[in-house]
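Look at the structure below and follow it from the whole chain down to single residues.

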Amino acid sequence: MSRSPYGGAALAVVAMLCVQLGLAVSVGLIDRVGVAGAAWLRLAWAGVLFLVVVRPRPSAFTRKTFAACVALGVVTALISVLFMAAIGRIPLGTASAVEFLGPLGVAVAKGRGPGRFVWPALAGCGVLLLTRPWLGVIDVVGVGFALAAALCWAAYILLTQKVGDGVDGLGGLGVSMPVAALVTTTAFGSSVLPTLTPELLLVGLGVAILLPIVPFSLELLALRRLNAASFGTLMSLEPAFAMLVGLVVLDQHPDVAAVVGIAFVVSAGVGAARSGSRGPLS
């Protein structure tokens with residue numbers, strides 16, 4: 001019995017909304033501990049909470065599924081580190097557009113039927129209108145970091161689906177998130193720990209719930225209902241959510257090109273959801 005794609009699409013949409021709200025709420029935290037510090041604090045809290053709440057049992061994993069969980073944790077950390085390195089050199093819009101090549105590539109590579117290239121192409125046009133990377137000053141090293149983040153994002157989609165299929169419940173995140181926390185602690189922990197206060201720890205916990213605890217859990221559940229191609233295309237909605245959250249929370253008003261871009265990515269997302277259900281798992 002096949003799974004309805006609409007439940008998966010709804011989970012993915014809520015996950016993206018949580019991501020953007022989490023980023024908006026993180027502004028104050030970033031001002032105090034920096035982008036790298038804020039990312040580390042979120043992942044550190046997420047790793048601890050998933051480990052304590054999920055309490056993954058060794059018997060729930062095979063060697064292959066455990067290895068996939070570890071790989072997912074490393075990729076999760078790398079996405080954050082590489083994207084931060086990119087936005088340190090190139091504009092955020094440019095970095096976001098380049099990074100989206102990852103899920104777009106998944107959509108093209110894994111898609112089937114007449115919509116295989118139509119929906120990703122429409123989504124890609126929308127993302128270009130939303131971010132307009134040609135307006136930024138290109139730094140080759142910064143673009144390289146963003147491309148590496150794009151590859152990691154593609155790997156994240158595929159690994160999340162593999163983990164969701166192979167491990168019951170949220171058990172996979174009970175391994176992958178502590179791994180991500182360990183990776184980012186190695187990279188940033190020594191520079192952030194001396195600056196921590198009880199207040200910062202509490203703020204970090206609240207932000208971690210919005211990003212990544214809730215969205216990563218929802219994405220894992222969504223990928224049990226959607227194929228990787230459709231999920232990759234749905235990720236094109238994220239810049240649209242970023243713009244809407246920016247309008248409501250940060251009072252940033254989109255222009256005509258941006259509104260057209262939103263229409264394109266929403267249309268692509270609807271098309272992907274309609275054709276993106278998964279068959280029964282083997």
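**From the whole chain to single residues**

Of the 282 residues of the protein, 49% count as buried. The model is a predicted one. Its secondary structure comes to 12 helices and 0 strands, so the pattern read along the sequence is α-α-α-α-α-α-α-α-α-α-α-α, with helices and strands taken as DSSP runs. Contacts tell how the chain is folded back on itself in terms of sequence distance. Among contacts between residues at least 6 apart in sequence, 90% join residues at least 24 apart.

The next step is to see how helices lie against one another. Two packed helices are described by the angle between their axes and the distance between the axes. Take helix α3, which covers residues 63-87, and helix α7, which covers residues 140-166. They pack at an angle of about 155°, and their axes are 8 Å apart. An angle over 145 degrees counts as roughly antiparallel, and α3 and α7 are therefore roughly antiparallel to each other. The crossing of α3 past α7 is left-handed. The residues of this contact divide into 21 nonpolar, 5 polar and 1 charged.

Helix α7 also meets helix α5, which covers residues 101-110. What is the angle between the axes of α5 and α7? They cross at roughly 50° and come within 7 Å. This makes the two helices oblique to each other, and α5 passes α7 in a right-handed crossing. On the α5 side, the contact is made by Leu101, Gly102, Pro103, Val106 and Lys110. On the α7 side, it is made by Leu147, Ala150, Trp153, Ala154, Ile157 and Leu158. The residues of the contact of α5 with α7 divide into 9 nonpolar, 1 polar and 1 charged.

Counting rings whose centres lie within 6.5 Å, the protein has 2 aromatic pairs. One of them joins Phe61 and Phe66, with 5.9 Å from centre to centre and 85° between the planes, an edge-to-face arrangement. Are these two residues buried or exposed, or something in between? Phe61 has a relative accessibility of 14% and so counts as buried. Phe66, at 42% relative accessibility, counts as partly exposed.

Another pair is formed by Tyr156 and Phe216, and this pair is tilted: the centres are 5.6 Å apart and the planes are at 50°. It links distant parts of the chain, since Tyr156 is in helix α7 and Phe216 is in helix α9 (residues 198-222), 60 residues apart. Both Tyr156 and Phe216 are buried.

Two details of the backbone remain. Which form does the peptide bond from Leu211 to Pro212 take, cis or trans? The bond is cis, with omega near 20°. Pro212 lies in helix α9, the helix that also holds Phe216.

The other detail concerns Arg55, found in the loop between α2 (27-54) and α3. Phi of Arg55 is near 45°, which is a positive value in a residue other than glycine. At 63% relative accessibility, Arg55 counts as exposed, because exposed means over 50%.

Methods. Residues numbered from 1 in each chain as written. Predicted model: local features only at pLDDT ≥ 70, side-chain atom pairs only at ≥ 80, totals over all residues. Heavy atoms only, no water. Axes fitted to C-alpha atoms, helices over the stretch in contact; angles between N-to-C directions. Helix = DSSP H or I, 4+ residues; strand = E, 2+ residues; numbered from the N terminus. Parallel < 35°, antiparallel > 145°, perpendicular 65-115°, else oblique. Left-handed = near helix turned anticlockwise from the far one by under 90°. Nonpolar A, V, L, I, M, F, W, Y, C, P; charged D, E, K, R; others polar. Phe/Tyr/Trp six-rings, centres within 6.5 Å; stacked < 30°, edge-to-face > 60°. Buried < 20%, exposed > 50% of the residue type's maximum accessible area, 1.4 Å probe, protein only. Contact = heavy atoms within 4.5 Å.
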